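Have it open while you go through them.

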Amino acid sequence: MRGAGGGLDRDANERAAFALLEAGNTPGAEARLRQMLSRDAGDARALALLAHCKLVLGDRKEALTIARSAMASDPDDDLVLRVLASALLAAGKYKEADEIVSSLAEEDPNDSSMLLRLAYARFNQKKFVDARDLFDEAEDKAGDNVRALIGIAQLRLEQWNYERARELALRALQLDPTRAEIFQILAECELAWKRPGEAYDLALEALRLDPGDRDTLRLLARARARRHLVLRPFLPGIDWVVEMDRSGLVTVPLLVAVLGGLLAYCLVYDIGRVLAGDPPEVLLSCGLAAAFVFALVSWFTAVRTRLQIRRDLRKIALPKF
């Protein structure tokens, strides 16, 4: 009875971990999985799910290490193989990933997610014809697979096929309106079509679904800046400030003040040289002036952007970021 109870407890913990991952609570899922592993360090499925958590959190190196440990514990489990394939793709080990994904795709030729992963592996091995055919096949077989639809839409976005990307994203939206990535894709399409207002509204919806996401913050900043052509050269600086926490709003002005002080000193120095009949240090002054203007405009625009985003977030009852 103890063994049966232990089995039931383990299965319940795995289901709970899956539920936490589906709800986006990756730290909670990781805590539950580590609790499972404290009882059985060789639990292959728990290791695989822990590797998935690390992938979600962006720790690709540790994800691959844990996924390999899961594979060593149970090389035949489907979940273990799928997570290992994802970890290999994320780590850039495309040839090794190709072998695993190919076997999974052969077992289920209609699995659009596997076809999509195999296409990525082939593409990054410069097997472009195979990759193109696999991408098209994955799109044909995507059906109601939201993740596959999002993945293919992102691919079409990278191919500048905005109309097709939008169609796929809208299909995914009908199936699951809670995925922030869908609104990001739609916003990118609107930006490509030079409709920054619509892009901003869509990106704001993505931020509502995934508060604080840096990619979405960059997208919002780009959408606002593209309303004014003069701000386009300052987008890298605006993105940098927008992504910073509140301390950055103090740090950057200090940088601006330092640049302004250096610029003022150089201007006084150059004026003195001109009055003395010597040529001024034009290059240094121009460089400092360009850096000062870039930093000042980037900071001012980013602050305005953050304030606007905060006002808009209040309208939809989201916490501050």
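1. A quick definition before anything else: buried means under 20% relative accessible area, exposed over 50%, and partly exposed in between, with a 1.4 Å probe and protein chains only. Keep in mind that this is a predicted model, where local features need pLDDT of at least 70, side-chain atom pairs count only at pLDDT 80 or more, and totals for chains, interfaces and linings use all residues. Residues are numbered from 1 along each chain as its sequence is written, and side-chain values use heavy atoms, with hydrogens and water left out.

2. The length of α2 holds no surprise: its 14 residues reach 20 Å from first C-alpha to last, close to the 20 Å expected at 1.5 Å a residue. That expected span is 1.5 Å times one less than the number of residues.

3. Now the largest pocket, with about 2,500 Å³ of space. Of its 47 lining residues, H52, V56, Q154, R179 and E181 are the closest to the centre. A pocket here is an open set of points on a 1 Å grid over the protein atoms alone, where a 1.4 Å probe fits, with protein on both sides within 12 Å along at least five of seven lines; lining residues have an atom within 4 Å of a point. Grid points are joined across faces, edges and corners, and the volume is the space filled by probe spheres set on them.

4. Which element gives the largest share of that lining? Helix α9 does, with seven residues.

5. A119 lies in helix α7 and, at 0% relative accessibility, counts as buried. Its C-alpha is 8.1 Å from that of D133, 14 residues apart in sequence. E96, in helix α6 (residues 94-107), is partly exposed at 30% relative accessibility.

6. On cysteines: there are zero disulfides (pairs of cysteine sulfur atoms within 2.5 Å). C266 is buried at 10% relative accessibility, whereas C286 is partly exposed at 46%.

How values were computed:
Helices (H or I, at least four residues) and strands (E, at least two) are DSSP runs, numbered from the N terminus.
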